[in-house]
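Hello,

Here is the structure I promised to pass on. Please open it first; my notes on what turned up follow below.

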Amino acid sequence: MGPPGSGKGTVSARIIKHFGMKHLSSGDLLRDNMQKKTEVGILAKSYIDQGWLIPDDIMTRLMLNELKGLDRYNWLLDGFPRTVAQAEALDKECQIDTVIDLDVPFETIKCRLTARWIHPASGRVYNLEFSPPRVQGIDDITGEPLVQRDDDKPETVTKRLQAYDAQTKPVLEYYRAKGLLKSFSGTETNKIWPHIYAFLHTKLPDVSQKDAAIPR
């Protein structure tokens with residue numbers, strides 16, 4: 001867990017590489033559905049364009065449906081559950097072993113997110129601070145123009161962070177009360193990661209040298 005732009009994607013990729021889990025990202029799943037213009041995708045886009053969070057029943061339906069095919073694996077949920085109702089729905093279907101919370105200051109995230117531009121066709125992401133394109137506004141490889149996702153625009157980012165905070169604090173408390181929550185604070189993913197790695201390594205072997213996603 002962590003606010004949009006807290007580094008969940010980067011941390012998730014590293015967890016998958018080292019610990020061989022199946023990755024289920026609510027953001028990727030939503031974008032996939034929006035691109036394919038599925039019923040859920042069209043519905044979700046109307047909320048995102050307003051800077052609102054997606055209603056519980058839509059997210060829960062989407063995620064639990066995907067989880068059905070992963071019961072033989074260790075898996076990592078990224079961006080779900082975001083509300084107590086979602087967490088309770090998940091608990092009815094699955095047993096959660098641990099919850100990692102990325103505690104990154106909102107100001108850090110705001111700078112990070114509004115600096116993000118993408119090349120829509122390939123999904124390549126540029127960050128004006130850390131990994132800018134060679135020519136401003138242009139994709140390095142194709143020379144095509146970069147765009148800023150609607151949800152990376154400053155006014156939407158502020159709205160999303162406020163909505164995330166209001167909705168997610170109860171979820172953190174929900175998992176804290178169950179003794180499952182482990183929080184990691186910082187402003188840089190590379191400094192937070194070694195602590196997350198050490199924590200997970202007490203629970204799972206590092207399989208980065210072997211085939212990932214080994215059925216348990």
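Start with helices H3 and H4: their axes come within 11 Å and cross at roughly 140°. The crossing is left-handed. Keep in mind that this is a predicted model.

Where do the two helices meet? Val 40, Leu 43 and Tyr 47 in H3 touch Ile 58, Arg 61 and Leu 62 in H4. By class, this contact has five nonpolar residues, one charged and no polar.

Pro 55 sits in the loop between H3 (39–48) and H4 (56–67). Its relative accessibility is 22%, so Pro 55 counts as partly exposed. The C-alpha atoms of Pro 55 and Ile 138 are 35 Å apart.

Next, the salt bridges. The structure holds 11.

- Asp 152 pairs with Arg 116 at 3.0 Å, N to O. The two are 36 residues apart, with Asp 152 in the loop between strand E5 and helix H7 and Arg 116 in strand E4. Asp 152 is buried, because its relative accessibility is 0%.
- Asp 139 pairs with Arg 124 at 2.9 Å, N to O. Asp 139 lies in the loop between E5 and H7, and Arg 124 in strand E5, 15 residues apart. Asp 139 is buried at 2% relative accessibility, whereas Arg 124 is partly exposed at 26%.
- Glu 188 pairs with Lys 191, the closest N and O atoms being 3.5 Å apart. Glu 188 is partly exposed at 40%; Lys 191 is exposed at 56%.

Best wishes

Terms used. Residues numbered from 1 in each chain as written. Predicted model: local features only at pLDDT ≥ 70, side-chain atom pairs only at ≥ 80, totals over all residues. Heavy atoms only, no water. Helix = DSSP H or I, 4+ residues; strand = E, 2+ residues; numbered from the N terminus. Buried < 20%, exposed > 50% of the residue type's maximum accessible area, 1.4 Å probe, protein only. Axes fitted to C-alpha atoms, helices over the stretch in contact; angles between N-to-C directions. Left-handed = near helix turned anticlockwise from the far one by under 90°. Contact = heavy atoms within 4.5 Å. Nonpolar A, V, L, I, M, F, W, Y, C, P; charged D, E, K, R; others polar. Salt bridge = Lys/Arg side-chain N within 4 Å of Asp/Glu carboxyl O.
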